[in-house]
Amino acid sequence: MAGVAAFIIGGGAGYVMRKRTAEAAIGAAEEEAKKIVSAAEAKGEAKKKEALLEAKEDIHRLRQELDRDTKDRRNELSRQERRIVQKEENLDKKLDALEKKEESLIAKEAGIERSQAAIDALHEQEKKELERISGLSSEEARGLLMAEAEEEIKHEKALMIKEYEQQAKDEADKKAREIVSLAIQRCSADAVAETTVSVVALPNDEMKGRIIGREGRNIRTLETLTGIDFIIDDTPEAVILSGFDPVRREVARIALEKLIQDGRIHPARIEEMVEKAKREVDQRIKEAGEQATFDTDVHGLHPELIRLLGRLRYRTSYGQNVLNHSIEVSHLAGVMAAELGVDVMLAKRGGLLHDIGKAVDHEVEGSHVTIGMDLAKKYRESKEVINAIASHHGDYEATTVESVLVAASDAVSAARPGARRESLETYLKRLRRLEELAESFEGVESCFAIQAGREVRVMVKPDKVDDIASVALAHDLVKKIEKELEYPGQIKATVIRETRVVEFAK
C-alpha cells in the first residue's frame with residue numbers, strides 16, 4: 001500500500017510538475033506569438049503606408065500626364081481649326097475669282113458671237129464684192145482653186161519621186177556593199193610580201209672565194225652579164241643578190257645555183273649558165289602567163305601579152321606580187337559582174353590586164369597606166385578593155401560598168417590587210433606631206449591627195465591666181481615634190497582654177 005501510495009503521490013507530483021512546465025511553455029509561446037503578431041501588424045501598417053504613398057504618387061503622375069496630353073490635343077485641335085478656317089477663306093476667295101472669270105467668259109463669248117456675226121456679214125460682203133470685181137462666180141473661183149491645188153499636188157508628187165529615188169540609191173549602195181563583200185569572201189587569197197633582194201645558200205664558206213674568182217673576175221662577169229649586185233659579206237654560207245629588176249635577179253639566182261651545183265666557176269662557164277638561166281626564166285614566164293589565163297578563164301590573148309603577164313610574176317608593188325594581184329582582181333571583177341548581170345568575161349579580161357604596164361615600166365618611160373594602154377592598143381584589145389586599163393586609177397573616165405568594177409576590184413585587192421607592205425602610218429604621213437607641199441604655195445584654196453597618193457589636186461583662188469600663174473604653180477609644185485618627197489612611181493599634179501555662178505530657180 002505504501003508503495004502504491006508513494007507511486008500515486010509521485011505520479012501526482014510529476015503530473016503537477018509537468019502541468020506547470022506545460023503551462024509555462026504555453027505562456028511563453030503565447031507571449032512570443034503576441035510579439036510576432038505585433039511585429040507583423042507594425043510591418044503591415046508600414047507596408048500599407050508605403051503602398052498608399054506609391055499609389056498617391058502614381059495617381060499624381062498619371063494626372064500630370066493626362067493633363068499634358070489633354071493640353072497637346074487641345075493645341076492640335078486649335079491648329080487644325082485655324083487651318084480649316086484658312087482653307088475655308090481660300091475656298092471662298094477662289095469661288096469669288098471663278099465667279100468673276102465666268103462672268104468675264106460669258107461677256108467675251110457674247111462679244112465673240114457678235115464679232116463672228118460681223119465677220120460673217122463682212123465675208124458675205126467681200127464675197128459679193130470679189131465676184132463683182134473679178135467677174136467670176138463661186139463655181140468659177142472654185143475651178144481656179146482646184147487648178148492651184150492640182151499644181152501643188154504635182155509639186156508634192158515630184159518631191160515624193162525624189163524621195164523614192166534617194167531610197168533607191170540607198171538600196172543600191174547597200175546592194176553594192178553586199179556584192180563587194182561576197183566577192184571578197186569568195187576570192188580571198190593569201191598576202192605574200194616580197195623584197196628586192198634574193199639569198200642564195202652556199203654549201204660552205206669556201207665557195208665564196210670561188211665565186212669571187214682570181215682578182216674578182218668571176219663576180220665581175222656575173223654582175224656584168226646579169227646586171228645584179230652580188231653581195232658577199234660576213235653572212236655565213238650565203239650570197240645576197242640585190243637589184244630592182246626581179247627578172248634579172250631571178251636569172252642571177254638560177255645561174256648562181258647552177259654554177260654551185262656544177263662546181264666549175266669561170267667566165268666562160270658563167271656565160272653559159274647565165275644563158276641557160278635566161279632561157280629557163282623565159283620558159284617560166286611563159287608558163288606563168290599561160291597558167292594565169294587558165295586560172296582566170298581568159299582566152300584569146302596575144303602571145304606577147306601572155307609573156308608580159310608572166311613577167312608580172314617577178315614584179316612586186318609595195319611587196320605585193322603583181323601577177324597574183326592581177327589574178328585576184330580578175331576573179332573579183334568577174335564575181336561582181338555576175339552579181340550585176342553584166343559581161344563577166346570582159347570584166348575578168350580587164351582585171352587580168354589592168355596592170356600589164358608594170359611588166360615593162362622599168363624599161364619604158366611613163367606611168368604603168370599609159371604603158372598598159374599602149375600595149376593593149378598594140379595587141380588589138382577591145383576599147384572596153386583599154387578603158388578598164390586606163391580608168392582603174394581614175395586617170396581617165398570609166399565608160400563601162402566593167403571598167404568601174406575593175407577599179408573597185410583593184411582597190412579591194414590592194415587594200416586587204418597585209419596585202420601591201422607599206423604601213424598605214426607611213427602611207428598617211430606621205431599623203432599628209434603631199435598636201436602640205438601643195439598648201440605651201442600662195443593662192444591655194446584647198447588641195448586633196450587622191451588615187452592613193454598618185455595624184456594631188458590643187459584648187460586655187462581665181463582672183464589671186466590667173467591661168468598663166470596656174471601653169472607655173474603646177475610646174476613649181478612638181479619640182480618641189482620631186483625634191484622633198486620620196487614616193488613610188490609618179491605623182492600627177494592637177495591645178496584647178498574656176499569661177500562658178502550658182503542660181504536657184506524656185
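Predicted model: local features only at pLDDT ≥ 70, side-chain atom pairs only at ≥ 80, totals over all residues.

Student: Why is Glu 272 called partly exposed?

Tutor: The relative accessibility of Glu 272 is 34%. Buried means under 20% and exposed means over 50%, with partly exposed in between; therefore Glu 272 is partly exposed.

Student: What makes the side chains of Glu 381 and Arg 349 a salt bridge?

Tutor: Their N to O distance is 2.8 Å, and this is within the 4 Å limit. Glu 381 is in the loop between H10 and H11, while Arg 349 is in helix H9, so the pair ties together parts that are 32 residues apart in sequence. Both Glu 381 and Arg 349 are buried.

Student: How do you know that Arg 497 and Asp 467 form a salt bridge?

Tutor: The closest N and O atoms of Arg 497 and Asp 467 are 3.1 Å apart, which is within 4 Å. Arg 497 lies in the segment after strand S8 (492-496) and Asp 467 in helix H14 (residues 467-484), so this pair ties together parts that are 30 residues apart in sequence.

Student: Why is Asp 467 called exposed, and why is Arg 497 called partly exposed?

Tutor: Asp 467 has a relative accessible area of 51%; because this is over 50%, Asp 467 is exposed. Arg 497 has 32%, a value between 20% and 50%, so Arg 497 is partly exposed.

Student: How many salt bridges does the whole structure contain?

Tutor: A search of the whole structure finds 19 salt bridges.

Student: What makes the phi of Glu 215 worth a remark?

Tutor: The phi of Glu 215 is near 55 degrees, a positive value in a residue other than glycine. Most residues other than glycine have a negative phi. Glu 215 lies in the loop between helix H3 (206-212) and helix H4 (217-226). With a relative accessible area of 73%, which is over 50%, Glu 215 is exposed.

Student: Where is Asp 297, and what is its phi?

Tutor: Asp 297 is in the loop between H6 and H7. Its phi is positive, at about 60 degrees, although Asp 297 is not a glycine. At 39% relative accessibility, Asp 297 is partly exposed, because the value lies between 20% and 50%.

Student: Which residues have the most contacts inside the largest nonpolar core?

Tutor: They are Leu 301 and Ile 356, in a core of 28 residues. Helices that each supply at least two residues of this core include H6 (267-296) and H10 (368-378). H10 gives the most, with five residues.

Terms used: Residues numbered from 1 in each chain as written. Heavy atoms only, no water. Core = buried A, V, L, I, M, F, W, Y, C linked by side-chain atoms within 4.5 Å. Buried < 20%, exposed > 50% of the residue type's maximum accessible area, 1.4 Å probe, protein only. Helix = DSSP H or I, 4+ residues; strand = E, 2+ residues; numbered from the N terminus.
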